[in-house]
Amino acid sequence: MTAIRAFFLAALVMAAVILQVAVFRYVSIDGVVPNLALLVVVVAAFARGPQFAALLGFGAGLLLDVAPPADHIAGRWALALVIVGYLAGRVRQDARSSTLVALMTVAACSFVGTSIYAITGLVLQDDALPAGQMLQVIGTSVLWDVVITPLALPLLMVVFLRLRPPQVAA
Amino acid sequence: MALKDSGRDPRDHPSRSVFVLLLLACLTVITLDARGGDNSPLDPVRSIAGNIVGPVEAATATAVRPFSDIGSYLRTTRGLRNDVAKLQSENSQLRSTVETAPLDRARLNELDGLTRTAKDTGYSLVAARVVAMGPMQSFSRTVTIDAGTSSGVRADMTVLNNDGLVGRVIRATRTTSTVLLIVDPDSVVGGRLGSNLEIGVISGQSLTQKRDDLNLELVDNSVVPERGDVVATWGSDNGVPYVAGIPIGRVASVVSNPSQTEKRAVITPFVDFTALDVVGVVVPNGTHGDRVVIKADGGIK
């Protein structure tokens, strides 16, 4: 059973990454697309807590880092999504209580995640844009993630609750 | 605070050590990849991921292509209005790209008086389609194309489309390859000004707020680039990674900084990088593969 669950989780993460690069490019705003991998990690944190989300964040981030057409130093998205998963998991009690808090958490996670990615780029001198442009990209991506949340969150929530091992009570 | 009682959740306790372990794992991966440079230990992982994810991306792109026309109505990028017409005409136009290349050259010759050796004339193209675009959130500008080593595509080959220079291949798997666009902050192309043959370096790090602009730095500080001047590739030895004479863009403005002696110019590229579809990869003559090779004389092999 665990293997099947792991397989479904891997498929879900892969689907998110592929949708992000192959499908959402058609509706990109100057190249910025919804960060579906980040959204999957945040919803995983709401449904299953920080430990699970941080682990999933590591996997999803690493896939974002090595799957084509990525060409940055690997591990940067992994780092960002591990932190995002952990933080979102810490506030999950509040996020589950109200839709508004959930939306705000997604926005905050999107901002934190993309910012961590941007800062690692500055530190490693890898793909660093001028600060003004970076903020513009981060702003657009937060907007995208918030817009896509009402559609994706309920769906992903159901998936994660279904994929939960039976012995763990909610 | 928003952290109410979640910190006291008994299931959160083991997560701290897992979290720290994961952070260390991330830092290890980053260090390995950053230190590795060109021979990164992560490259085999990239290659495996490319071989698995690449074909899925290509299949997904094929599946959604019928809907992409609808998508283009919603897209908020430049060149939106011409998009549908452009997509339809691009494929056929690309076939004639090689035929018109001598004409373009002649035009460029008029513009810049560049003389070309016989060696430069005539190259073959492998046509490919863009199947995935790296998200802008990653701050790098890369795309995946659906042609790989099985079609004769290798790393460090020039990629162009109907409008001009697109980028170069940085990594190729069997069926797909990754292309670094010239607007990427890490991209550097040798360029030549059309009007006075001055050479310079064109980098993706734009000076303006517009992310698709390029930055030109001339080698000769005394020359001031003229607005509207066309910039074409200078070309490297054996056309690796860029072949000569491919139009890149037009000088939009000149940035003069009194404290700096160097002259910088903003270049508006001919290619619309957020709406890429059909591209051509410049391959050596006589390349054999599972894909149609458009020869320099316009013939198809």
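**Exercise 1. The span of a helix**

What span should the 17 residues of helix H3 of chain A have at 1.5 Å a residue, and how far apart are its end C-alpha atoms?

Solution. The model is a predicted one.
Step 1. Helix H3 of chain A comprises residues 50–66.
Step 2. The expected span is 1.5 Å times one less than the number of residues. For H3(A) this gives 24 Å.
Step 3. Buried means under 20% relative accessible area. Of the 17 residues of H3(A), 13 are buried, so the helix is largely enclosed by the rest of the structure.

**Exercise 2. The make-up of chain A**

Solution. 
Step 1. Among contacts in chain A with a separation of 6 or more, 72% come from residues 24 or more positions apart.
Step 2. The chain exposes about 6300 Å², and 76% of that area is supplied by carbon and sulfur atoms.

**Exercise 3. Backbone features in the loops of chain A**

Locate Pro69(A), Asp30(A) and Gln125(A), and state the backbone feature of each.

Solution. 
Step 1. The peptide bond from Pro68(A) to Pro69(A) is cis, with omega near 5°. Pro69(A) is placed in the loop between H3 and helix H4 (76–90) of chain A.
Step 2. Asp30(A) is not a glycine, yet has a positive phi of about 50°. Asp30(A) lies in the loop between helix H1 (2–23) and helix H2 (36–48) of chain A, and counts as partly exposed at 27% relative accessibility.
Step 3. Gln125(A), likewise a residue other than glycine, has a positive phi near 50°. Gln125(A) sits in the loop between helix H6 (99–124) and helix H7 (131–162) of chain A. Exposed means over 50% relative accessible area; at 70%, Gln125(A) counts as exposed.

**Exercise 4. Salt bridges of chain B**

Which residue forms a salt bridge with Asp43(B) at 3.4 Å, and which residue does so with Arg264(B) at 3.2 Å?

Solution. 
Step 1. The partner of Asp43(B) is Arg46(B), with the closest N and O atoms 3.4 Å apart. Both residues lie in helix H2 (residues 43–74) of chain B, three residues apart, which is about one turn of the helix. An α-helix has 3.6 residues a turn, so residues three or four places apart point the same way.
Step 2. Asp43(B) counts as partly exposed at 27% relative accessibility, whereas Arg46(B) counts as buried at 5%.
Step 3. The partner of Arg264(B) is Glu217(B), the closest N and O atoms being 3.2 Å apart. This pair links distant parts of the chain: Arg264(B) is in strand E11 and Glu217(B) in strand E8 (residues 214–218) of chain B, 47 residues apart. Glu217(B) counts as partly exposed at 26% relative accessibility.
Step 4. Salt bridges that share partners join Asp33(B), Asp43(B) and Arg46(B) into one network.
Step 5. Over all chains, the whole structure holds eight salt bridges.

**Exercise 5. The surroundings of Leu276(B)**

Is Leu276(B) buried or exposed, and which residues does Leu276(B) touch beyond four places away in sequence?

Solution. 
Step 1. Leu276(B) lies in the loop between strand E11 (264–269) and strand E12 (278–283) of chain B.
Step 2. Leu276(B) counts as buried, because its relative accessibility is 6%.
Step 3. Not counting residues up to four places away in sequence, Leu276(B) touches Arg25(A), Val130(B), Val143(B), Asn161(B), Val166(B), Leu181(B) and Val271(B).
Step 4. Val130(B) is 146 residues from Leu276(B) in sequence, while their C-alpha atoms are 6.6 Å apart in space.

**Exercise 6. A nonpolar patch and the cysteines**

Which residues make the nonpolar surface patch of about 380 Å², and how many disulfides does the structure hold?

Solution. 
Step 1. The patch is made by Val20(B), Leu21(B), Leu24(B) and Leu27(B).
Step 2. Leu27(B) is found in helix H1 (residues 13–36) of chain B and counts as partly exposed at 43% relative accessibility.
Step 3. The structure holds zero disulfides over all chains.
Step 4. Cys109(A) counts as buried at 5% relative accessibility, and Cys26(B) is buried with a relative accessible area of 0%.

Definitions and conventions. Residues numbered from 1 in each chain as written. Chains lettered and ligands numbered in written order. Predicted model: local features only at pLDDT ≥ 70, side-chain atom pairs only at ≥ 80, totals over all residues. Heavy atoms only, no water. Disulfide = S-S within 2.5 Å. Buried < 20%, exposed > 50% of the residue type's maximum accessible area, 1.4 Å probe, protein only. Helix = DSSP H or I, 4+ residues; strand = E, 2+ residues; numbered from the N terminus. Contact = heavy atoms within 4.5 Å. Patch = residues over 30% accessible without salt bridge, like charges linked within 9 Å, V, L, I, M, F, W, Y side chains within 5 Å. Areas by Shrake-Rupley, 256 points an atom, 1.4 Å probe, with all protein chains shown as cover. Salt bridge = Lys/Arg side-chain N within 4 Å of Asp/Glu carboxyl O.
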